[in-house]
Amino acid sequence: MRELGALDWSVIAGYLLLAVGVGVWMSRSAGRSLEDYFVAGRSLPWWWLGTSMVATTFAADTPLVVSGLVARHGIAGNWFWWSWAIAHVTMAVVFAALWRRARVVTDAELIELRYTGPSATALRAFKAVFFAIVINGIVLGWVIRAMSKISQPFVHWERWLGATAFARLDAWWPHWMLFGSLDDTLTVLALFALITFYSSLGGIRGVMLTDLAQFAIAIVASVTFAVTAVHAVGGVDGLLVALHQRYPDADDLLAFVPRSGSAWLPVRVFLVYLAVQWWAQYFADGSGYLAQRLGTARSDADAEGGAMWFCVANYALRTWPWVLIGLVSLVIFPLAESGTGEGAALVAADREMAYPVLMARLLPPGLLGLTVASLLAAFMSTVDTHINWGASYIVRDLYQRFFRPQADERELIRVARFAVVGIAVMAVLVASQISSVEQAWKFFVAIGAGLGLPAMLRWVWWRVNAWTEIAGMVAAAVGAIVLYAAFPHVRDEYLLVAIVAIGATAALVATFVTRPVPEAHLRRFVVRVGPPGWWGRFGSPAARAAARWLAMGWLVGNAAVFALTFGTGYLLLGARGPGVVLLVLGGIGVWLTLQCTARARIHAPAVPPEAAA
């Protein structure tokens, strides 16, 4: 396999210097206030925040996972994550403007804006700790694993440090602080140190400016890699012929939706993805780091437009280079054979390794460096987002809320910069102790199964209170522990349905047996956010009319995103007629969706200055 040459290392070094330079450049503006540091002074246009969302959801593991899914299950294997498009369209259409109007720094802060009393205070503190530490540890553990796969063919610390020095370091290094091998560990720690440095200086604006460069590098590199890979097997026609020659089920591999009788994705599981999975996650309403991005918008329209651009770019644009590379890997490294050439054994042991192995095998100097830099950028954009996001909880929801309410802006910025460093160190420690990221992720999904429904209902229904969320989360967690132990061989998707039913039932029961939010507090929330839906005596025909426009936008928006996604796929795989038709219909659908959200905004009251303060 091809090694990185001087030109490749120059490209990588240039990108790393750019990331550091952005942090230093943005350090002055980030230090003006806590809102500048964590939500960029609420001043960013739609294209900037939407592109930042795309960049930060492109983790280092994403192209490896997608190409691996395609190799194992065909194009339809992507429904594992394509189903999340419904949640993201829901965020764009229904919740994006609401997050912006709430004017919170963190999603945990929304809890005491929406609810009140000791239950709300406890829930806010719990969520701050849970997301800042536990979720960050799980997510970063996942991307660290992926980063070690990417760096494995290219990074050789033993050669750079010398065999003797490397052996001494290996003997001294504590084994509890290893991410796989020492090679992988040194690579990850070096990148973490660099990320922490520029993230602590530039705040979220620096992170998001870096995201623009990361997105550009990632798109250019992945598209060029896909073109090179497809050319290596004789173009699209050669790829399709080779797949049909090697695989009797090639039509199933190329299908965009699972065929009847699919062993991996039977119809019942597919329906779980479409009908349950997307709203059963904690981010069903945009909670998490996406809410932080929405908080940076300069207007409601920018929040909605940016979120919709994220949906289109994330699914219709970013999907297909990785899908094509996954299909090429099926030709170069057939499933039923060990394959030939360097790297074949790595791919035979782990299909996700096809992506970095094909990089080293097919890409020329310079382009190989650009593609490695794009994966470094993906890793860095995920890490810098998560440590900045985690630090926002520490500062806003713990330090300022419980310990130093009277702290001035200078003190809060200082604590924020220390918190970024602390979260980075803590994330490394937590991630190093997770023996199975997959098991940790299952626990996370179980917790999320109890949060999705209450998270959406709190924006549209007056009767929801803090106990709704607490009961749903606790019941789902207990249900998950019991069900996973009792039915270890049942598919996760079926268990998810049962966990969601338990969590949703507990949440609704708790809602009706506990007292509603006091009227004065509820009124302040309604005046500040202007939510659609059903708000009892605070509601109005305008709020219900807004809900109808948003429901229409939701239907059209989902149809548009999937039309654009499949249209792009048809076009790339040679079906030009259906591809063009779907792309035109999808473009019209996006325009109609934004028209619906604009109509809904007409019915939302303006936020009074005293409520925005």
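Axes here are lines fitted to C-alpha atoms, for helices over the stretch in contact, and angles run from 0 to 180 degrees between N-to-C directions. Helices (H or I, at least four residues) and strands (E, at least two) are DSSP runs, numbered from the N terminus. The model is predicted, so local features need pLDDT of at least 70 and side-chain atom pairs count only at pLDDT 80 or more, while totals for chains, interfaces and linings use all residues. Residues are numbered from 1 along each chain as its sequence is written, and side-chain values use heavy atoms, with hydrogens and water left out.

**View 1. Helices H6 and H16.** Two packed helices are described by the angle between their axes and the distance between the axes. H6 (residues 84-102) packs against H16 (residues 300-317) at an angle of about 165°, and their axes are 7 Å apart. H6 is therefore roughly antiparallel to H16 (angles under 35 degrees count as roughly parallel, over 145 as roughly antiparallel, 65 to 115 as roughly perpendicular and the rest as oblique). Their crossing is right-handed; a crossing is left-handed if the near helix is turned anticlockwise from the far one by less than a right angle, and right-handed if clockwise. Residues of H6 in the contact (heavy atoms within 4.5 Å) include Trp84, His88, Met91 and Arg101. On the H16 side, Asp300, Glu304, Phe310 and Tyr315 are among them. The contact residues divide into 14 nonpolar, 2 polar and 4 charged (Ala, Val, Leu, Ile, Met, Phe, Trp, Tyr, Cys and Pro count as nonpolar, Asp, Glu, Lys and Arg as charged, and the others, Gly among them, as polar).

**View 2. Helices H14 and H25.** H14 (residues 267-275) and H25 (residues 492-513) pack at about 50°, with their axes 10 Å apart. That angle makes H14 oblique to H25. The crossing of H14 and H25 is left-handed. Arg268, Val269, Val272 and Tyr273 of H14 meet Glu493, Tyr494 and Val497 of H25. Of these contact residues, 5 are nonpolar, none is polar and 2 are charged.

**View 3. Helix H17 and its span.** H17 covers residues 319-332, and its end C-alpha atoms are 21 Å apart. This agrees with the 20 Å that its 14 residues should span at 1.5 Å a residue (the expected span is 1.5 Å times one less than the number of residues). In H17, 14 of 14 residues are buried (buried means under 20% relative accessible area, exposed over 50%, partly exposed in between, with a 1.4 Å probe and protein chains only).

**View 4. Ser119 in helix H8.** Ser119 lies in H8 (residues 118-151). With a relative accessible area of 14%, Ser119 is buried. Leaving out residues up to four places away in sequence, Ser119 touches Ala466, Trp467 and Ile470.

View 5. Leu17 is in H1 (residues 6-30) and, at 63% relative accessibility, is exposed. Its C-alpha atom is 9.8 Å from that of Leu194, 177 residues apart along the chain. Leu212 belongs to H11 (residues 182-232).

**View 6. The loop between H2 and H3.** Most residues other than glycine have a negative phi. Ala40, in the loop between H2 (34-39) and H3 (46-57), has a positive phi of about 55°. Ala40 is buried, at 0% relative accessibility. Arg42 lies in the loop between H2 and H3 and has a positive phi near 50°. At 6% relative accessibility, Arg42 is buried.
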